[in-house]
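Please open the model in a viewer and keep the selection tool at hand.

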Amino acid sequence: MTTSADSTSEEGVTPRRHPAEPHAGSLSQRLNWLRAGVLGANDGIVSVAGIVVGVAAATVERGPVLTAGVAGLAAGAVSMALGEYVSVSTQRDSERALLAKERAELDEQPGAELDELAAIYQTKGLSPTTARQVAVELTRHDAFAAHVDAELGIDPDELTNPWYAALSSALAFIVGALLPLVAVLLPGSDARIPVAVAAVLVALAVTGFLGARLGGAEPRRAMARVVAGGAIAMAVTFAIGSAVGAAVS
């Protein structure tokens with residue numbers, strides 16, 4: 001005996017869904033965007049931190065530090081946006097081409113496509129009879145949706161927008177880049193670099209933790225890698241800035 005909360009339904013009855021229950025595909029996509037945002041912010045932190053620490057090592061004046069930091073922020077944001085736009089556009093074009101090919105195959109050879117769909121479900125563990133029945137019922141309901149899901153793993157209604165991806169990437173980079181820029185400009189010249197380095201390392205530890213948790217990885221290793229990488233980047237640019245500053249002074 002079933003209750004009203006059961007997801008099982010008889011023919012002709014629409015099954016109930018839990019309102020708060022996320023769809024797997026949508027949840028996975030949101031997590032991917034969150035991870036991309038964290039990585040973009042991490043890139044902004046490391047890139048601009050390296051620039052401003054290097055320039056601050058060469059001069060005590062705020063002007064050159066601000067100019068270099070803002071230039072690095074702008075260049076990095078544009079680069080991230082352009083790279084993401086090109087990448088996602090290429091992926092979107094490929095997905096559209098695959099969808100068009102699948103639609104054409106369904107129009108030209110529906111019988112062969114039905115056999116292919118049944119074979120896919122058979123390889124997933126269904127008996128030949130059940131796989132055939134599932135394929136027939138799904139095809140009767142929406143052949144195109146059934147095939148692109150089983151064969152391609154693509155949702156035609158959720159193709160990534162390259163403009164959205166580019167804007168998100170640029171914003172994530174800017175948010176991350178603002179932290180080292182502000183941290184290096186607010187203190188006096190004596191405390192400028194130590195404060196910036198400390199702020200950057202703390203921020204990198206946070207992004208490393210968030211990235212690991214979103215990806216289901218162990219946080220401590222991720223945090224150690226990100227913090228060590230940022231520390232090395234700042235040490236290198238500090239050394240270069242000190243050497244260049246000494247040479248031109």
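How many helices and how many strands does the chain have? The chain has 7 helices and 0 strands, where helices (H or I, at least four residues) and strands (E, at least two) are DSSP runs numbered from the N terminus. This is a predicted model, in which local features need pLDDT of at least 70 and side-chain atom pairs count only at pLDDT 80 or more, while totals for chains, interfaces and linings use all residues. Residues are numbered from 1 along each chain as its sequence is written, and side-chain values use heavy atoms, with hydrogens and water left out.

**The whole chain**

Colour the chain from the N terminus on, and the elements run α-α-α-α-α-α-α. Next, display the surface: the chain exposes about 14900 Å², of which carbon and sulfur atoms supply 62%. Accessible areas come from the Shrake-Rupley method with a 1.4 Å probe, and for residues only the protein chains shown count as cover. Of the 249 residues in the chain, 31% are buried; buried means under 20% relative accessible area, exposed over 50%, and partly exposed in between (1.4 Å probe, protein chains only). Contact means heavy atoms within 4.5 Å. Among contacts between residues at least 6 apart in sequence, 71% join residues at least 24 apart.

Centre the view on Leu 181. Leaving aside neighbours within four places in sequence, Leu 181 is in contact with Val 48, Val 52, Val 65, Leu 66, Gly 69, Val 70 and Leu 73. In soluble globular proteins, nonpolar side chains tend to be buried together.

Move to Leu 117, which is placed in helix α3 (residues 110-123). Is Leu 117 buried or exposed? Leu 117 counts as buried because its relative accessibility is 0%. Not counting residues up to four places away in sequence, Leu 117 touches Ala 135, Thr 139, Ala 146, His 147 and Ala 150.

**Rings and charges**

Select Tyr 85 and Trp 163. A search of the whole structure finds 1 aromatic pair; rings of Phe, Tyr and Trp (its six-membered ring) pair if their centres lie within 6.5 Å, and planes under 30 degrees apart count as stacked, over 60 as edge-to-face and the rest as tilted. The ring centres of Tyr 85 and Trp 163 are 4.7 Å apart and their planes stand at 50 degrees, so the pair is tilted. Because Tyr 85 lies in helix α2 and Trp 163 in helix α5, the pair ties together parts that are 78 residues apart in sequence. Tyr 85 is partly exposed, at 27% relative accessible area, whereas Trp 163 counts as exposed at 60%.

Proceed to Arg 103, whose charged end sits over the ring of Phe 144, 3.8 Å from its centre. A charge sits over a ring if NZ of Lys or CZ of Arg is within 6 Å of the ring centre and within 35 degrees of the ring normal.

Then select Glu 218 and Arg 220, whose side chains meet in a salt bridge (3.1 Å, N to O). The structure holds 1 salt bridge, defined as a side-chain nitrogen of Lys or Arg within 4 Å of a carboxyl oxygen of Asp or Glu. Glu 218 counts as partly exposed at 36% relative accessibility, and Arg 220 as exposed at 66%.

**Final stops**

Ala 36 is in helix α1 (residues 24-58) and is partly exposed at 35% relative accessibility. Ala 36 and Ser 169 are 133 residues apart in sequence and 7.4 Å apart in space, C-alpha to C-alpha. Finish at Arg 225 in helix α7 (residues 219-248), which is exposed with a relative accessible area of 58%.
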